[in-house]
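Colleague: Can we go through this one together? I have the sequence and the coordinates open.

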Amino acid sequence: MQNVAWFVPAWPPALGELVMLGALLVGGLLGGELVHRLAALPRITGYVLAGVAFGPHALGLVREPHFAEARVFIDLALGLIMFELGYRFDLAWLQRNRWLAVAALGESVGCFFAIYAGLMYLEFPPLLAACAAAVGTATSPAVVMLVTHELRASGQVTERMLLFTAVNCASAYVALMLMLPFLHLERAEDWRSAILHPLYLLGGAALLGFVACLAMLALARWLGKREDRQFVLLVALIVLVVGLARAGNVTVVVALLTFGMFARNLDYDHALLPLRFGYAAQLLFVVLFVLTGASLDFRALATGGVAAAVFIVVRFLGKALAILAFGRLSGLRAGGAGLLSVALLPMSGLAVVMVQDTVALFPRFGTQLAAVVLSAAAVLELLGPIATQFALKAAGETHPEA
Amino acid sequence: MEFPRSQGLTLGIELELQLVRAHDHDLAHEAGDLIERLAKKKVPGAVKPEVTLSMIELNSSIQGGFAGALAELEAQRDAVLDAAGVLNLRICGGGAHPFHKWAERRVFPDERFRRVTERYGYLAKQFTVFGQHIHIGCPDGDQAVYLVHMLTRYIPHFIALSAASPFSQGEDTSFQSSRLTAVSAFPLSGHMPFVGDWAEFAEYFDTMRGFGIVESMKDFYWDIRPKPEYGTIEIRVCDTPLTVRRAALLAAYAQALAAQLLEERPHAPTPAIYQVNAYNRFEACRFGYRGKFVDPFERRTKGIGADILDAVAGAMPQARRLGSAEAIAELAGDVRRGYSEADWLRARFNERGSLSDVVRDAAEEWAALRQ
């Protein structure tokens, strides 16, 4: 008999990437809304939980190839976030308020050495401990930025949280680059490439950020003060920067961060309008966090659990030390320093990438260390947004209806 | 209610100021941090919270004239700028923030302001507008009542000279001063009733208090009100100017006018003052110096700018005695060349193309010429 319903696809139908993406978005949205309504938790935590549920270790709906397909969304989301973070880096403020500069640098340095000491105590080799310490120094730009937006937070703790995050991300990358020569030498490579490689990675990224900033200022001047046009311009340049950074093998995150920092501090005739994330950006952020959740690996907790707990505790203490020491001097009100320390708890999801790169270089110690850092990252990915939300609310800096 | 005997014609100034964020020039919510910081410093006068966390109020001490008032305002401005710099806040004059959204405002955590919000609803947050209040010391209550009536004729002058709120909620309002519209929404705004003397006023006040409508003079949001607590009358129609200098100039003008009125007693108050007031007041808010002015005594119409020039000339002898002749001449010069801060703000917008830039320029204007 002739098949009259030939136009109906065979069962099961081949689901394309659009279906996948749509499912991620719906799942993330529902997860975010659920945790927000049921437990008053940040929506980000819900996105991450949805990702964990979709991920390879649970339902298995999201697997490696999907990450590659969604790459452009992740790049754009991170691009917007890193740019905005760099844009909040106000050099004039640090010049006016020297104690603030001391506190910001102290926070990075204190955090680095606290983790380093903790890992040395757990008898990790010095170089690996230092690498992990550098990775742990960075606060998650995506989490602090999105919690700020979700809660419509504004105030001293919020502003300083964003500033300190910009500083500790930059510090983390510089520290990692400083360690690169040693990593190279351990692998008995030529000392010249050992020195040139980090210079190229950082210098190239900064140069790219600088050139992108000049291009944006020139084009923005020509386009005029129209928010819609300037937003498209920014997105276009972010995509270009990410693509060029990859093509040139320089650090993407540093290129974006310096792009934002230059844009804030070199815009002498104020050609740029303040950036506002719209609904469209919200979409990117849902995808970003769902996929981050899917990439988390909780299995390592079984072996690295105790060490991860130590990692998290010393990391927090390291951050809190400098902030508590210099907070009042830098003009923070009583109680603000403690809340700022808590707000900075989220750990950068970039840690996962950085650690995987290191593991590739040092299979021997790498796996062991990766278990510690990845466990800590997984735990903090869930606890971090909650900590930040708590701190900003307790500081009284969030919108009453947010 | 007693009106204390006080030295006549002293000056006092209150200025409500905008706290602005550095990165996008929207209003900040950091009045609490700033006031806490300033509490540790030696600042002349007083710095106080206002209804929302986006504003602070500077209060001067009792001043004899223009020079002293200006010096104190400058010292206050510098102290506030220092503290604000540590917190990365900008300070801005102007009667309204050009593009803030009133629904974003947060009420200062304080019992009095919470009550205001509970009572007035959205009006409380919409009241995030920024005015200058000028106090003039009065020898006694009867003279205070006389001054309130007679200065009402000059309300359009103070509106036009101070107008600095052409933008509101992201739009050009076409007004020179849009701020007073926010005040008019309150049930106890408007003007003092037409009473003959202090005894009659005290009776009116007791009646209103008897009804439970008011508790203190603070509850009347009149354009000009007697302030027996200080022994002054208080002119409340001015937008906060973009510079402290202009704030001192306006105070000097009020002082010279009051001196002339009390000395010369040119007219007896008549209800006509209040019959033309709403019209004159609107003309001043909408058109500034270019607005029309109906003179309640001479019963004719002229331009507000022309009336200011006549009034400055009339008060010049008193201004000379008070040491503010140059000050009020400076205001007259602005009227002659048609300069107003509302127009300045509009010009900044036309040149820059965004309201965020207008706020940045206004903040730079506020900080300019600091010592």
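Colleague: Where does B:H25 lie in chain B?

Modeller: B:H25 is in the loop between β1 (11-21) and α1 (31-39) of chain B. Keep in mind that this is a predicted model.

Colleague: What is phi of B:H25?

Modeller: Phi is near 65° for B:H25, a positive value in a residue other than glycine. Most residues other than glycine have a negative phi.

Colleague: Is B:H25 buried or exposed?

Modeller: B:H25 counts as buried, because it has 26 C-beta neighbours inside 10 Å. The cut-off for buried is 20 or more.

Colleague: And B:R299, which loop is that in?

Modeller: B:R299 sits in the loop between β12 (292-295) and β13 (300-303) of chain B. B:R299 also has a positive phi, about 55°, although it is not a glycine.

Colleague: Buried or exposed, for B:R299?

Modeller: B:R299 is exposed, since 9 other C-beta atoms lie within 10 Å. The limit for exposed is 12 or fewer.

Colleague: Staying in chain B, how many residues of helix α6 (residues 155-162) are buried?

Modeller: Eight of its eight residues are buried, and helix α6 of chain B is mostly covered. The buried residues of α6(B) are B:I155, B:P156, B:H157, B:F158, B:I159, B:A160, B:L161 and B:S162.

Colleague: At what angle do the axes of α6(B) and helix α11 (residues 304-322) of chain B cross?

Modeller: The axes of α6(B) and α11(B) cross at roughly 105° and come within 10 Å. That angle makes α6(B) roughly perpendicular to α11(B).

Colleague: Which residues make the contact?

Modeller: From α6(B), B:P156, B:H157, B:A160 and B:L161; from α11(B), B:I304, B:I308 and B:A311. By class, the residues of this contact of α6(B) with α11(B) are six nonpolar, one polar and no charged.

Colleague: Over to chain A. How do the axes of helix α7 (residues 126-137) and helix α9 (residues 156-186) cross?

Modeller: In chain A, the axes of α7 and α9 cross at roughly 160° and come within 8 Å. So α7(A) is roughly antiparallel to α9(A). The crossing of α7(A) and α9(A) is left-handed.

Colleague: Which residues are in that contact?

Modeller: On α7(A), A:L127, A:A130, A:C131, A:A134, A:V135 and A:T137. On α9(A), the list includes A:N168, A:S171, A:A172, A:A175 and A:L176. The contact of α7(A) with α9(A) has eleven nonpolar, three polar and one charged residues.

Colleague: How many residues does the contact between the chains take from A and from B?

Modeller: The contact takes 18 residues from chain A and 20 residues from chain B. On the side of chain A that touches chain B, α5 (91-96) and α9 are the elements that give two or more residues. That side of chain A has four nonpolar, seven polar and seven charged residues.

Colleague: What span should helix α13 (residues 279-295) of chain A have?

Modeller: At 1.5 Å a residue, the 17 residues of α13(A) should span 24 Å, and the end C-alpha atoms are 25 Å apart, which agrees. Twelve of the 17 residues of α13(A) are buried, so that helix is mostly covered. Among the buried residues are A:L284, A:F285 and A:V286.

Colleague: Last one: where is A:L38, and is it buried or exposed?

Modeller: A:L38 is in helix α1 (residues 17-39) of chain A. A:L38 is exposed, with 9 other C-beta atoms within 10 Å. A:L38 and A:A220 are 44 Å apart in space, C-alpha to C-alpha, and 182 residues apart in sequence.

How values were computed:
Residues numbered from 1 in each chain as written. Chains lettered and ligands numbered in written order. Predicted model: local features only at pLDDT ≥ 70, side-chain atom pairs only at ≥ 80, totals over all residues. Axes fitted to C-alpha atoms, helices over the stretch in contact; angles between N-to-C directions. Helix = DSSP H or I, 4+ residues; strand = E, 2+ residues; numbered from the N terminus. Parallel < 35°, antiparallel > 145°, perpendicular 65-115°, else oblique. Left-handed = near helix turned anticlockwise from the far one by under 90°. Contact = placed C-beta atoms within 7 Å. Nonpolar A, V, L, I, M, F, W, Y, C, P; charged D, E, K, R; others polar. Expected span 1.5 Å × (residues − 1).
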